[in-house]
Amino acid sequence: MSSTPVQAARRELTGFTGELIGPEDAGYQEARTVYNAMIDKRPALVARCADADAVSRTIAFARAQGLALAVRGGGHHGAGLGTVDGGVVADLSPMKDIQVDPEARTVRVGGGCVWGEVDRATNAHGLATPSGIVSTTGVGGIATGGGLGHLTRSCGLTIDNLLEADMVLADGRRVRASADENSDLFWAIRGGGGNFGVVTSFVFRLHEISTVIAGPTFWAVEDSAEVLSAYREFILNAPRELGGFFLHGTVPPAPPFPEEIQLRKTAGVVWCYAGDDTEAAAREMAPLLDALPAPLLHAPMVMQHPDLQSMFDGLYPPGHQWYWRADFVETVPDEAVQLHAKFGAEVPTVQSTMHLYPIDGAAHDVAQDETPWAYRHANWASVFAGVDPDPANAELVKRWTVDYFDALHPHSAGGAYVNMMMDEGQERVRASYRGNYDRLARIKADRDPDNVFRLNQNIQPAPKPSHGARP
């Protein structure tokens with residue numbers, strides 16, 4: 001009688017450093033669950049890998065068994081790319097090692113870490129590196145797909161601060177990728193996602209950022225067009241130390257928000273001034289505030305950087321229904337302002353939101369072809385996210401997201417942001433990388449010709465050159 005994949009794994013992977021979990025095991029339900037509750041897949045085997053050797057052996061096992069392989073860091077991706085029906089999941093979550101070198105201003109991070117763990121470790125030394133805005137997000141996805149958030153204007157994207165990575169390739173080899181070693185891989189993983197191998201550890205550059213002045217300013221949603229019209233000019237002329245993304249959303253019905261504005265739909269800016277000079281922060285925010293109606297709430301305050309990074313965690317715990325889309329934006333013309341105002345007034349649930357992240361400043365210091373990230377000329381990334389805990393509202397939040405995205409897409413720079421894509425087709429993936437795609441496809445053909453790492457926003461291996469008959 002033939003054995004199941006988990007039985008075969010336990011037989012063949014003796015001495016496996018980690019845990020092998022199958023559908024009959026007590027921990028299977030927890031092991032197969034990802035952040036987005038819209039994703040409900042049942043892998044044949046979840047291999048919790050405690051080290052790079054376990055990752056290598058898991059890849060080899062999946063290949064030998066002819067099973068699709070998914071790689072999971074934090075499991076946050078909206079499309080559920082960290083899991084697979086009937087295949088093998090290489091779960092990196094046990095790989096939690098973090099080593100801060102305060103003198104070199106670097107941090108080495110295990111592939112299973114989430115950003116909150118990294119932020120706390122680096123903050124203990126008065127240091128930080130840019131990442132996302134939810135601290136439970138895995139390091140791996142953000143650090144190979146792009147990485148934008150509160151510190152983008154001052155410190156660049158996460159990929160701009162990646163110095164080296166230890167990887168396991170499709171053939172099981174363990175290599176280091178940096179500017180000096182395997183430079184093709186180092187270029188590719190700074191935006192090309194998980195297409196080229198499994199990153200088991202990262203080394204990031206750190207910046208002297210400990211305390212920030214951060215928090216939201218909310219205006220009535222009826223003022224949305226006026227706020228966005230002023231914001232679009234203001235933020236691009238603000239000093240790099242001042243970050244602030246525009247949003248549409250709903251004030252959560254809980255402290256610390258005043259009861260009188262709870263559940264109000266709003267237009268807002270979530271600020272982050274990289275420093276502790278409250279007078280300077282207020283001075284830099286003032287031109288926008290002075291040009292607009294009085295806000296419902298203006299609450300930037302002094303806080304530690306990890307506290308800012310975890311500010312949204314309570315609003316977005318695991319297990320909600322998520323559907324998202326994203327675009328890059330060069331300008332926000334008046335027609336787009338009015339469309340944003342329309343859809344902002346129709347936000348369907350408390351957690352649903354639109355964020356317009358500024359990606360100018362330090363992100364513009366990097367050349368268009370220096371990394372695969374192909375939208376260095378864009379000034380914003382717009383992210384549309386329909387979210388709700390109730391499965392009955394899944395179609396509602398999806399419809400709002402898609403309609404909002406479709407309405408604004410004609411005003412975008414095209415392409416997509418691979419960290420905020422659902423399953424949107426190969427052309428959208430190609431458009432994400434524009435002129436950098438062909439180079440990525442050639443590296444893919446060299447490093448993963450069989451497309452073992454295909455459960456991602458997939459870069460397909462370039463075809464081998466044909467050798468036709470001589471003329």
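I'll start with the cysteines: the sulfur of C49 is 15 Å from the closest cysteine sulfur, in C113, which is too far for a bond. The bond in question is a disulfide, meaning a pair of cysteine sulfur atoms within 2.5 Å. C49 is also buried, at a relative accessible area of 0%; buried means under 20%, exposed over 50%, and partly exposed in between, with a 1.4 Å probe and protein chains only. C155 is in no disulfide either, and the nearest cysteine sulfur, that of C272, is 8.8 Å away. C155 is buried too, with a relative accessible area of 9%. For the structure, the disulfide count is 0.

A word on the source. This is a predicted model, where local features need pLDDT of at least 70 and side-chain atom pairs count only at pLDDT 80 or more, while totals for chains, interfaces and linings use all residues. Residues are numbered from 1 along each chain as its sequence is written, and side-chain values use heavy atoms, with hydrogens and water left out.

Now the helices, which are DSSP runs of H or I, at least four residues, numbered from the N terminus. Helix 1, residues 5–12, packs against helix 3, residues 52–65, at about 125 degrees, with the axes 11 Å apart. Axes are lines fitted to C-alpha atoms over the stretch in contact, and angles run from 0 to 180 degrees between N-to-C directions. That makes helix 1 oblique to helix 3, since angles under 35 degrees count as roughly parallel, over 145 as roughly antiparallel, 65 to 115 as roughly perpendicular and the rest as oblique.

Which residues meet? P5, A8, A9 and E12 in helix 1 meet R57, F61 and Q65 in helix 3, with contact meaning heavy atoms within 4.5 Å.

Conventions: Helices (H or I, at least four residues) and strands (E, at least two) are DSSP runs, numbered from the N terminus.
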